[in-house]
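Visitor: Hi, I'm new to this one. Could you walk me through it?

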Amino acid sequence: WTAVEFAPLPELTDVIRPGGLANQKAPRLQSTLRFIREERGDYSLDFLADVPALEARAWLTSFDGIGKKTASILLLFCFGQPLMPIDRHVERVSHRIGLLPPKALSPERETTPATGPC
């Protein structure tokens, strides 16, 4: 992570270009790494395992470029947090097939973590 944080920006941009939006992602990635290192002393996110799900997600989404879906994916798969990653497409289909009731909260209005099995 040190190499990524301190890489020349044009070089990092070229390396991540195949993933798309490299001109936006490269400086955001370096900024996020810098903040985590300065705030936490290293690049580890292991401390998030002990943080309540919504608080951990709020911390992650405070970084430019990290949305609720990305944060929820990281917390679910890395730390087993009870969050369901949902974007507009998943929400729309979930309503259509009856997985979500018509008045279920959208990800933007969500106030509580998911409970039970996914």
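Visitor: Let's start with one residue. Is A71 buried or exposed?

Guide: Keep in mind that this is a predicted model. A71 counts as buried, because its relative accessibility is 1%.

Visitor: Okay, and which helix does A71 lie in?

Guide: A71 is part of helix α5.

Visitor: What does A71 touch, not counting residues up to four places away in sequence?

Guide: With those set aside, A71 touches R57, L60, T61 and I66.

Visitor: How far apart are A71 and L83 in space?

Guide: Going C-alpha to C-alpha, the two are 9.3 Å apart, and in sequence they are separated by 12 residues.

Visitor: Let me zoom out. How many helices and strands does the protein chain have?

Guide: There are 6 helices and 0 strands in the protein chain. Reading along the sequence, you get the pattern α-α-α-α-α-α.

Visitor: And how much of the protein chain counts as buried?

Guide: The protein chain has 118 residues, and 28% of them count as buried.

Visitor: Which residues make up the largest nonpolar core?

Guide: That core has 11 residues: I36, L45, L48, V51, A53, A56, L60, F63, A71, L75 and L83.

Visitor: How do α4 and α5 cross, then?

Guide: Their axes come within 9 Å and cross at roughly 125 degrees, which means α4 is oblique to α5. The crossing is right-handed.

Visitor: Which residues make the contact of α4 and α5?

Guide: From α4 you have A53, A56, R57, L60 and T61, and from α5 there are K68, A71, S72, L74 and L75. Sorted by class, the contact of α4 with α5 has 6 nonpolar, 2 polar and 2 charged residues.

Visitor: What about L45, what is it in contact with beyond its neighbours within four places in sequence?

Guide: L45 is in contact with I36, W59, L74 and F79 once those neighbours are left aside.

Visitor: New topic: at what angle do the axes of α2 and α3 cross?

Guide: Helix α2 (residues 9-16) and helix α3 (residues 22-40) have axes that cross at roughly 120 degrees and come within 9 Å. That makes α2 oblique to α3, and α2 passes α3 in a right-handed crossing.

Visitor: Who makes that contact?

Guide: On α2 the residues are L9, L12, T13 and I16, while α3 brings A22, N23, K25, A26, P27, L29 and Q30. The residues of the contact of α2 with α3 are 7 nonpolar, 3 polar and 1 charged.

Visitor: Last one, S94. Is S94 buried or exposed?

Guide: S94 counts as buried, because its relative accessibility is 6%. You'll find S94 in helix α6 (residues 88-96).

Visitor: And what does S94 touch, not counting residues up to four places away in sequence?

Guide: On that count, S94 touches L99 and L100.

Technical notes
Residues are numbered from 1 along each chain as its sequence is written. This is a predicted model: local features need pLDDT of at least 70, side-chain atom pairs count only at pLDDT 80 or more; totals for chains, interfaces and linings use all residues. Side-chain values use heavy atoms; hydrogens and water are left out. Axes are lines fitted to C-alpha atoms, for helices over the stretch in contact, and angles run from 0 to 180 degrees between N-to-C directions. Helices (H or I, at least four residues) and strands (E, at least two) are DSSP runs, numbered from the N terminus. Angles under 35 degrees count as roughly parallel, over 145 as roughly antiparallel, 65 to 115 as roughly perpendicular and the rest as oblique. A crossing is left-handed if the near helix is turned anticlockwise from the far one by less than a right angle, and right-handed if clockwise. Contact means heavy atoms within 4.5 Å. Ala, Val, Leu, Ile, Met, Phe, Trp, Tyr, Cys and Pro count as nonpolar, Asp, Glu, Lys and Arg as charged, and the others, Gly among them, as polar. A nonpolar core is a set of buried Ala, Val, Leu, Ile, Met, Phe, Trp, Tyr and Cys residues joined through side-chain atoms within 4.5 Å. Buried means under 20% relative accessible area, exposed over 50%, partly exposed in between (1.4 Å probe, protein chains only).
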